Amino acid sequence: MYPRAFHYHRAASLKEAVAMLSELGDDAKLLAGGQSLIPLMKLRFANPAHLVDLNFIPDTSFIREDAGTLRFGPMTRHAEIENSAAVSRVPILHDCAAGIADVQVRNRGTIGGSLAEADPSGDWAVVLATLKTQVRCMGTDGERTLSLEEFIKDAYTTALDHNELVSEVAVQIPAKGSGGAYLAFKRAAPVYPTASVAVQLTLEGDVCKDAAIALGCVGLTAIRATDADAALRGQTLNEKSMAAAADAAQAAADPQPDMRGSVAYKRNLVAALTKRAIAIASRRARGEQVEAGHMYA
Ligand SMILES: Cc1cc2nc3c(=O)[nH]c(=O)nc-3n(C[C@H](O)[C@H](O)[C@H](O)COP(=O)(O)OP(=O)(O)OC[C@H]3O[C@@H](n4cnc5c(N)ncnc54)[C@H](O)[C@@H]3O)c2cc1C
């Protein structure tokens, strides 16, 4: 189906995009990669009267390393992140970018659009929840910085005001001795996962000094499984501590039954993905190069 008719506006700067949103009111929407918005418009679930295109604004697609932080421009495409040498130092980010849908979606879809969409099945929020992530937002009164936790409020709901946009995503590079892994289980490339698990941990010898575990597609937003973190923190990494973390992750999941599986199936999947992700994260924390990412049914 074709979208309903709309007026097209091309912003020359982020500031101009904010001004356009203010002027055009509630019926205006930003267009980034269009990989969520355009399908919704074609299905006529979204019918904006005005589209403000961000694609022609210079210097909005970048990956910069600055004082221990990776900074992503709002229009940075998943594919740019997948292929970035700077990002390869934080393997969990590469796992995420490289696994999103297919090459066409990764070439268009952006990190800013993904976070702003706050799709409960989206991959970025899950992975970024295990890292120290800040989201910069620009509005008519200037910029403000929110933690990811403050930014994502609910399914499809963020802290952005109508005339505000995401201007940057900043991720602190984890300390030495840290490793992470993101595993998502899906039925085919261009569909969202059935369930996913992100694990980021720091080791001191065989002991887990710190851990952060997040679950995707099994709740209305990414779920931080803090009891699973606690099951690992201060413990030697072995079958017993990994099983305890997997049990806690499974308990934190809040899945809905759907065509992808029953509640029990999704909980089992979360437990299995958690164990595997911990194993890969710990090998990476020890300096091993391990390939990981999305898995297909
Ligand atoms: C077939 C298919 C499969 C997919 N599979 C996956 C998957 O497995 N995992 C996954 O994570 N994603 C998946 N996606 C979604 C994809 O990752 C998109 O990139 C993402 O959802 C939105 O990014 P976008 O840049 O395309 O945003 P758009 O679609 O352009 O915009 C999405 C929303 O965000 C708003 N917006 C955009 N940019 C900003 C900004 N800077 N500030 C404020 N608001 C903004 C828009 O107004 C709109 O409301 C899939 C998409 C398709 C079409």
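Trainee: In what sense do strand β6 and β7 pair, and over how many bridges?
Mentor: Strand β6, residues 133-139, runs antiparallel to β7, and the two pair over six bridges. Keep in mind that this is a predicted model.

Trainee: Okay, which residue in β7 stands opposite arginine 136?
Mentor: That's threonine 145.

Trainee: What sheet are we in here, and what's the strand order?
Mentor: We're in an open sheet of five strands with antiparallel pairing, and the order reads β4-β5-β10-β6-β7.

Trainee: Which strands stand at the edges?
Mentor: Those are β4, residues 63-66, and β7, residues 142-147. Each has a single partner strand, so one side of each has no neighbour in the sheet.

Trainee: And how much are neighbouring strands turned against each other?
Mentor: On average by 25 degrees in this sheet, with direction ignored.

Trainee: Let's go to the β4 end. How many bridges does β4 share with strand β5?
Mentor: Four, again in the antiparallel sense, with strand β5 covering residues 69-72.

Trainee: Where do side chains point along a strand, in general?
Mentor: In a regular strand they alternate between the two faces of the sheet.

Trainee: Changing topic: how many residues surround the ligand, and which are closest?
Mentor: There are 30 around it, and the closest are Leu30, Gln35, Ser36, Thr110 and Asp123.

Trainee: Which atoms of leucine 30 and glutamine 35 are involved?
Mentor: For leucine 30, a backbone N or O atom lies 2.6 Å from an oxygen atom of the ligand. Glutamine 35 also uses a polar backbone atom, at 2.7 Å from a ligand oxygen. With threonine 110, a polar side-chain atom lies 2.6 Å from an oxygen atom of the ligand.

Trainee: How much of the ligand does the protein cover?
Mentor: 91% of the 980 Å² of accessible area that the ligand has on its own.

Trainee: Which elements give two or more residues to that shell?
Mentor: They are β2 (28-31), α6 (111-117) and β10 (165-172). The largest share comes from α6, with four residues.

Trainee: New spot: is serine 178 buried or exposed?
Mentor: Serine 178 counts as buried, because its relative accessibility is 17% and the cut-off for buried is under 20%. You'll find serine 178 in strand β11, residues 178-186. Its side chain reaches the backbone oxygen of alanine 175 at 2.7 Å.

Trainee: What about aspartate 229, buried or exposed?
Mentor: Aspartate 229 is at 1% relative accessibility, so it counts as buried as well. Aspartate 229 lies in helix α9, residues 226-232.

Trainee: Which backbone atom lies 2.8 Å from the side chain of aspartate 229?
Mentor: The backbone nitrogen of isoleucine 213, and the distance is to a polar atom of that side chain.

Technical notes:
Residues numbered from 1 in each chain as written. Predicted model: local features only at pLDDT ≥ 70, side-chain atom pairs only at ≥ 80, totals over all residues. Heavy atoms only, no water. Pairing = 2+ DSSP bridges. Axes fitted to C-alpha atoms, helices over the stretch in contact; angles between N-to-C directions. Near = heavy atom within 4 Å. Polar contact = N/O pair within 3.5 Å; in protein donor to acceptor, adjacent residues only side chain to side chain. Areas by Shrake-Rupley, 256 points an atom, 1.4 Å probe, with all protein chains shown as cover. Buried < 20%, exposed > 50% of the residue type's maximum accessible area, 1.4 Å probe, protein only.
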